[in-house]
2 protein chains.
Amino acid sequence: MQKHTDIATYTEITPTAPIYVGQHGGRAKCLQRLVRLDMPVPRTIALPFDKVQAIAAGYPPNTAAMIAEFGEDALISVRPSSEDPDWGGPRAILNIGMNDARHAALCETEGPATANALYLRFIQAYAVHVARLDPDMFDAPILTPCADDPDLSKALATALRAYEDETDEQFPQDPARQLGEVLRSMARAWAGTTARLLRQAKGAPEDAGLGLVVQQMAMGIGSGESGSGVIQFVNGTTGEPQITGRYKSQSQGRDALGAKSEAIFLNKDPRGTSLAEILPEQFEALVRFGKLGRERLRDEMQIEFTIENGELVILDAVRVSRTSAAAVAIAVSLAEDGIISREEAVLRIDPRALTEMLHPQVDPEAERDIIASGIGASPGGATGKIVFSATAAQASLAQGDDCILVRRETAPEDIRGMHASVAVMTEKGGMTSHAAVIARGLGVPCIVGAHGISINHRDKILKLPDGRFFTEGDIITIDGTTGEALAGAAKMLDASLDGAFTTLLEWADEFRDIGVRANADTPTDALTARRFEAQGIGLCRTEHMFFEDDRLTVMREMIFAKQPEDRRASLDQLLPMQRADFIELFKIMQGQPVCIRLFDPPLHEFLPSTREGMRELAESLDLPLSDVTRRIANLKEFNPMLGLRGVRLGITLPEIYDMQAQAIFEAAVEASKHGDPVVPEIMIPLVSAQREAELVKTRIDAVASAVRFATGVEFTFRLGVMVETPRAALRAGDIAQNAAFLSFGTNDLTQMTYGLSRDDAGRFMSDYVQQGVFSEDPFHVLDTDGVGELLMIGADRARDAREGIMLSLCGEHGGNPESISFCRKAGFDYVSCSPYRVPVARLASAQLAIADPKPE
Amino acid sequence: MQKHTDIATYTEITPTAPIYVGQHGGRAKCLQRLVRLDMPVPRTIALPFDKVQAIAAGYPPNTAAMIAEFGEDALISVRPSSEDPDWGGPRAILNIGMNDARHAALCETEGPATANALYLRFIQAYAVHVARLDPDMFDAPILTPCADDPDLSKALATALRAYEDETDEQFPQDPARQLGEVLRSMARAWAGTTARLLRQAKGAPEDAGLGLVVQQMAMGIGSGESGSGVIQFVNGTTGEPQITGRYKSQSQGRDALGAKSEAIFLNKDPRGTSLAEILPEQFEALVRFGKLGRERLRDEMQIEFTIENGELVILDAVRVSRTSAAAVAIAVSLAEDGIISREEAVLRIDPRALTEMLHPQVDPEAERDIIASGIGASPGGATGKIVFSATAAQASLAQGDDCILVRRETAPEDIRGMHASVAVMTEKGGMTSHAAVIARGLGVPCIVGAHGISINHRDKILKLPDGRFFTEGDIITIDGTTGEALAGAAKMLDASLDGAFTTLLEWADEFRDIGVRANADTPTDALTARRFEAQGIGLCRTEHMFFEDDRLTVMREMIFAKQPEDRRASLDQLLPMQRADFIELFKIMQGQPVCIRLFDPPLHEFLPSTREGMRELAESLDLPLSDVTRRIANLKEFNPMLGLRGVRLGITLPEIYDMQAQAIFEAAVEASKHGDPVVPEIMIPLVSAQREAELVKTRIDAVASAVRFATGVEFTFRLGVMVETPRAALRAGDIAQNAAFLSFGTNDLTQMTYGLSRDDAGRFMSDYVQQGVFSEDPFHVLDTDGVGELLMIGADRARDAREGIMLSLCGEHGGNPESISFCRKAGFDYVSCSPYRVPVARLASAQLAIADPKPE
């Protein structure tokens, strides 16, 4: 057993007392700040972490001395004070010191109603939280005391009797003993396993300490105007200035916030009485304290106050709890008022919280034809066609159609389909069901537990309780914020990217020292990228362009071509379509860099998988069905991810890349006529050997010359390599000789480094993370130890071989603060992430730059 | 154009002349050696490489001076002399100097027959190889001249006329001009593209030079006993001492070896006249020269000689061409006679050549029921059941049945099936067809172009021209050496691993400084491993053990188990079978180390893929068919290689590894009772994170304790990790903390490092190698640049973290000399390869150790 021979004693909170957040907790420190601001805070002492720990271990606190500090007659409260208020802590206990004698005295001075209420509250709290008796036995409501209250008096007697019955002893009468038990109880609760796990889930370290704050009670119950309340000066949802809060006469603690309380407004309000009317001076003081707090505590504070016989007492102040939007508004406002610096405003916002603000929402004012209600498991709104299987979702994505996956419940094998959907709805499940967890991870609106609907997966029918039904392809809207599914396309509100949001990100850009681009395949993506001020497109995948109906047919002809000439003929048909795609993208991006990845997927993705589809294809190609089935069988692969795709296709069927390069160059020439000159970047996927890049480079240079000659226009371009295989990272020195840039595709690189297919990992990834085999899912958080080392090796070798080579990271890790931190340290030029992650990436980069500036 | 102002002139070959292989070629040097041995070699001059190169470039050789060296009347020959005789070169040209005047003079002295024959041979050679005229016009046979030969005289006249008609000029009469043209022609032929490509295919460097040897003719045609012949003193097939060769009167060059020649035997032979009889002294001299050559030139030489009017003249000597078996016998014999050292004997054998000697052959004496004849495209014999598809071959392998793949032709997608077969036969194709090339690569006996047979793949019938037919499962034998397919199981001869073979490998083991183990999964493999003296088993895959019929059912029950208890119950049934497997292996290996890889493949490999198979399974498990199909669909993976397999299965379904570990330990206890103590090595597959090894280690240690307790027997074991993912190599330092050894599985590691599935790479690998994208197929030759670097990283980090950790390479690269060289340099403890590669690996390791001894 530990010995506690040298325990720091308690400290009275005075302006100059040695109170530290790391020793006494945040609440103690905050109270000291209020004291320094001359706010009327009751006498308070703080017990440091080590003392509380000693108490938990059995060391008896010297409560007699503490009681003496406050005087024999005082009532006192004990509140937790952990280092970070978010880590929680045991409940506050009020009215310590109440006993029969004190009750009798109070009956004399304040009347029996007040005395009863104060005593009953203490007995209830002590019985349940200190003596750990059955809460059901101590659940009499504490009504607002009034002079003539037989119920309260009866409740008090019942509670005292219940305590005695349960414990076989009288309710403790000695204030020192009361306080001692309260302190011990709170100290032990903090040391318990449940509390430890809970706070660790919120990020607390294993050895997080608890301080306790013992404060003289300000009586919100009494004969003069007494009561308690809270007040704040901004709207916690929007961050706009607005006095918010409640005050309730004859109440203690946070009673005024209780749902059924008979509280009154604070400032004048047409709907009823207000504190500003009944106690104008005290209200003015509160407003003054609020302003003072904002300026001196440098944040919007919620103040807990008590009126004790007409006197204003400030018990506590905590940061106003706020939505992400409000957090941004508050931070920007504080900085604009010169209270905090812009750097600090930027640092105060959790980058991940920004994503909440970016998603469109179903317009709450619009008319709603509700077809199902369930749990809103992932917020935001989306409209799309119903699909009933993951496969159908992928097919829909391939065709560029937004779809909504509707299933009884989801399983790991549906993840790919969820990825491909704009929203998800399941009949079963709760907030922690598979669908809910995954949808939140993907940022896809989701409803789970939509009871009442009936899904027939085989016949692809969604039936409503009222007899209506929907089939595959019908349009519905999911409101993941309210948990409602709506028929048809509901009116949407754009994400509220207000002035504060824009201002904050502008400031962020001032500090940021790494570029942020967006992964954007379509004009819509590109427009989003521009809206979020991405500095160009870091990854434009081109394969979706071949899935559109008219193109798919030509694409299939190309696949079935026997001779290069036939292949070239099919590609000639695709050329103008590709060119048009790129012209549109280039125009949207207005001269910003656009990095286009050449064709990547295996060809079999473009071929039908059903017998029927094969027959149709045979007809349209005028070939025997057996030819079609044979070719499709031939193209089948054991491990498609590791097969004939990427540059391997580019080398075995070079006409494809020729066509794409021609389309890119011609589009660049065309787009440059109308705006800023376009310098396209062309990226070769899945390279594993230097010679692959060299061969492609030779042909693309030739295409460029041909286009220059044919158009008579000079243009430049950059050719680079996507580093997705471990070997490409290892051989980056050679590869850099034929690459003006390297972009690390961490999705595939992670798959290959681990030997782990993302599509197949779902089955055991949660097991793996739970057992701590992987500390995080490496597809969500960049594995800096393994994949990261390959990135460093690749970057170093590429730079050694080619000074000034442009380095970047694309792939879904690109938007993660951890990945950005890694890329900054590795000296990358930019990260590229999905358009909706761009604000996150901009903010996270700025925070990293502020926290750890690069040496000039 | 190059200038040739400083050209070394020719050099007469005398004992002390400065003749160098690197300047004048192998033939010139060899002739000098013969001269030094006092053999009767005619006067010879050598032209060095640079002079020949100059001649090819147009520099005129000073032939008048050369002619003067030999005298005006002499006839001379020119022969090529490249650095390595194997690189080839232009044909020798004989009888240079023959012209009308010399012809007339010879008619006088030797008679017209001799004169005609000598002149005609020269004209023919000159017209075709120097003047490049149509060979058809100069194809008159040069018969043995006899006194009265009108045909020969007529042929001479015809040839002279044809030459004049074609060239519009008289046949060159000036010996100096003749020689000049011959030299220029031979020099240019060497510089030509065809010749360059041919010799580079044999390993010649791009700048390989050609020397030329100009020699005074010894006349094998003349009035006295004249003729030419070759003699050697060993059997080129077996390497046994045996005088072999032919002599032919009135002939030149190598005429005696011509198929239709009327040559005679050399030593006395009951079948006919011999040189030993007609010229006993000269024969004795030849035998003496042979012995001298063997001792002083330190190899078995084939001597080219001429008898000129009874005088023995030695024209040349070359290394006896020989089979691999003969090469081994000769090297061992030379070393045993003290002529060369054991090191040199070991160095003289190409390790890859040993494989030829290891394969069983169809007994040539046995009765043969020939069902098809074709081209023997890959040697050796094998018996098995007919299968008609790659899939059937794999299924057959899975069941442990030897099968023979019979197809019209093969395509890349058949490679997996070829791997799974013991032999291959195709109806179409030649020596360079896909089937032939791949089969040789795999070392699988193969017949291609088996015309006449008719294969119906759909109905699975092989029809013979005589009306007989064979169906799937029928037993046949393939003799890839003769190109014959035989009905039934033919009698086989074991590989002839004679005394010389064993001796050579024993010597190799004396020099070798890296261990060689075998990959062996079955008792048969293990017996082969012992026969080839592998130092243990480096990789024993355990999955095949679950494919046997009775086990497969239990295995499937295990897969369908819902609860760990049910899974454990199924595994309890498998336990005694596994234990028996291991007991057998341990007994065979007699205390040598056996490294057992825990269960690796994805579970779906054990489930049926056809509807029918699923129905049967549903019946046997007493489950609804829909449950079975759903479970099978659930287990399906997009990229099985990167899915739920290896240690990932071991962690999610830990009961499997528990069972295997228990079986291994119990088997070790059992086997140790009867022989040397067994120290099993247990290897965890597909690790990518340290914690995977840690979790498995914890459970396996627990199983070991339980077995120790239950049996009361102490035993030790080693637990290690198979490094197959790039991440495992990068994190080898961490992983080594829970691993007594690391074995690099270069098959998977190559797949992941390149992002390239071996099963899918066939479609473009040949393209890739041809275009030089990959310099070699990385699945055949270890990619030292990429995969090799990961090996080095892994090895270094593992050793830094755990001194003395055992390191090895398993996988198919293990037997390649290049890989072994890499592993030696990296300080690995051993390589492990397929049992039939063990001799190759032992020899290659020894050669590396001799060529580059490790510092002590």
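1. Which side chain does A:Arg699 meet in a salt bridge? The partner is A:Asp658, at 2.6 Å from N to O; a salt bridge here is a side-chain nitrogen of Lys or Arg within 4 Å of a carboxyl oxygen of Asp or Glu. The pair links distant parts of the chain, 41 residues apart: A:Arg699 is in helix H26 (residues 690–711) of chain A and A:Asp658 is in helix H25 (residues 655–674) of chain A. Over all chains the count by this rule is 98 salt bridges.

2. On the basis of the values: this is a predicted model, in which local features need pLDDT of at least 70 and side-chain atom pairs count only at pLDDT 80 or more, while totals for chains, interfaces and linings use all residues. Residues are numbered from 1 along each chain as its sequence is written, chains are lettered from A and ligands numbered from 1 in the order in which they are written, and side-chain values use heavy atoms, with hydrogens and water left out.

3. The contact between the chains (heavy atoms within 4.5 Å) takes 49 residues from chain B and 49 residues from chain A. About 4,600 Å² is buried between them, 53% of it on carbon and sulfur atoms; buried area is the accessible area (1.4 Å probe) that two parts lose on being put together, summed over both. B:Phe638, B:Leu642 and B:Arg727 supply 14% of the area that chain B buries against chain A, more than any other three residues.

4. Four salt bridges are counted between chain B and chain A. A salt bridge joins the side chains of A:Glu789 and B:Arg797, at 2.4 Å from N to O. The interface of chain B and chain A also has 26 residue pairs in polar contact, both residues at pLDDT 80 or more. A polar contact is a pair of N or O atoms within 3.5 Å; within protein, one must be able to donate a hydrogen and the other to accept it, and residues adjacent in sequence count only if both atoms are side-chain atoms.

5. Which elements form the side of chain B that touches chain A? Those giving two or more residues include helix H23 (625–635), helix H26 (690–711) and helix H31 (787–801) of chain B. H30(B) gives the most, with six residues. Helices are DSSP runs (H or I, at least four residues), numbered from the N terminus.

6. Chain B superposes on chain A by a rotation of 179° with 0.0 Å of shift along its axis (RMSD 0.3 Å). That is the relation of a two-fold axis. In chain B, the C-alpha nearest the axis belongs to B:Asn639, 2.1 Å from it. The superposition is by least squares on the C-alpha atoms of residues with pLDDT of at least 70 in both copies. Because 100% of the interface residues of chain B are also interface residues in chain A, the copies meet through the same surface.

7. Within chain A, an automatic or database assignment sets the domain bounds, among them domain 3 (360–493) and domain 4 (512–545 + 564–601 + 644–851). The C-alpha centres of domain 3 of chain A and domain 4 of chain A lie 32 Å apart. Their contact takes six residues from domain 3 of chain A and seven residues from domain 4 of chain A. These two domains bury about 420 Å² between them, 49% of it on carbon and sulfur atoms, with zero salt bridges.
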